[in-house]
Amino acid sequence: MSKVIKSLCCVLLLVLSSCGKGTSGTIVLSTKEGVSEIKKIVEDQFGLDKDAYSLTISNKSLNSIEVEQVTVMLAEKGKSSMWFYSTLMNKLFKPESGVKETDNTKAVKLKDFNVDNILANYNKAIVLIEKETKEFNNYRLEGSYSMIVDQETGKINESFNLFADKISTKENSFYGKRIEDSNVFKFSFKTDENGTLVATEGLNVFEK
């Protein structure tokens, strides 16, 4: 399910990026103002009582902190529908779906997707990194933030990547994944079955 969502989001972002810019201000997920804007979009544009499988907030690119799109996979009348709101065009798109839902049966109300977790988990991720190393600064949430209903447990799993600059450029680090030849390193996180934030990449020095 998550691979399908990511693929669809990438296609839609490419299409929308050629349509010009909207008039709304910049939304940055790692700020209180950004989270408030996302909450407003979800409530006003989608409706909190709709049944959904996922909520994904996508930035302009993999190395951007500016939100470009909010995508929701809805469960409607036995079918899956993907609605998305473009911050570039200030518009909600509701493509019709003729695909019957066969492999996903668990959905929750959109109001159960706690958008406040975004900022909370961003701050928790920084704490997790700095407990292990003081080599980094300038943390930012780039790419996208995903909330997806686990079809086995019915709970919402959240995942995102955090990027940071290495303070010293003189040596490599045991932590994080270096982005090409830059001084930028990536750390990946998700919530476990108990809703606790854990690192999936970048903090285990023994991982390949």
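Mentor: Two strands pair if DSSP finds at least two bridges between them, and strands (E, at least two residues) and helices (H or I, at least four) are DSSP runs numbered from the N terminus. The model is predicted, with local features needing pLDDT of at least 70, side-chain atom pairs counting only at pLDDT 80 or more, and totals for chains, interfaces and linings using all residues. Residues are numbered from 1 along each chain as its sequence is written, and side-chain values use heavy atoms, leaving out hydrogens and water.

Trainee: Thanks! In which sense do strand E9 and strand E10 pair?

Mentor: Strand E9 covers residues 184-191 and strand E10 covers residues 197-201. Lys190 has Val198 in E10 as its bridge partner. Over 4 bridges, the sense of the pairing is antiparallel.

Trainee: Which residue takes a positive phi in the hairpin of E9 and E10?

Mentor: There are 5 residues between the two strands of this hairpin. The residue with a phi near 85 degrees is Gly195.

Trainee: What is the phi of Asn138?

Mentor: Asn138 is found in strand E6, residues 136-149. It counts as partly exposed because its relative accessibility is 47%. Although Asn138 is not a glycine, its phi is positive, near 55 degrees.

Trainee: What distance separates the C-alpha atoms of Asp112 and Asp49?

Mentor: Asp112 is found in the loop between strand E5 (108-109) and helix H3 (117-132). Asp112 counts as partly exposed, at 44% relative accessibility. Asp112 and Asp49 are 63 residues apart along the chain, and their C-alpha atoms are separated by 9.2 Å.

Trainee: On to charges: which side chain meets that of Lys39 in a salt bridge?

Mentor: A salt bridge is a side-chain nitrogen of Lys or Arg within 4 Å of a carboxyl oxygen of Asp or Glu. For Lys39 the N to O distance is 3.2 Å, and the partner is Asp116. This pair links distant parts of the chain, 77 residues apart, with Lys39 in helix H2 (residues 32-46) and its partner in the loop between E5 and H3.

Trainee: Is Lys166 buried or exposed?

Mentor: The side chains of Glu135 and Lys166 meet in a salt bridge at 4.0 Å, N to O. Glu135 lies in the loop between H3 and E6 and Lys166 in strand E7 (residues 156-166), so the pair ties together parts 31 residues apart in sequence. Glu135 counts as partly exposed at 22% relative accessibility, whereas Lys166, at 3%, counts as buried.

Trainee: And which residues do salt bridges that share partners join into one network?

Mentor: First, consider another pair: Glu201 and Lys186 meet in a salt bridge at 3.7 Å, N to O. That pair links strand E10, holding Glu201, to strand E9, holding Lys186, 15 residues apart. The network formed through shared partners joins Glu135, Lys166 and Glu171.

Trainee: How many salt bridges does the count come to by this rule?

Mentor: Side chains of opposite charge can pair when their charged atoms come close. By this rule, the count of salt bridges comes to 10.

Notes: Buried means under 20% relative accessible area, exposed over 50%, partly exposed in between (1.4 Å probe, protein chains only).
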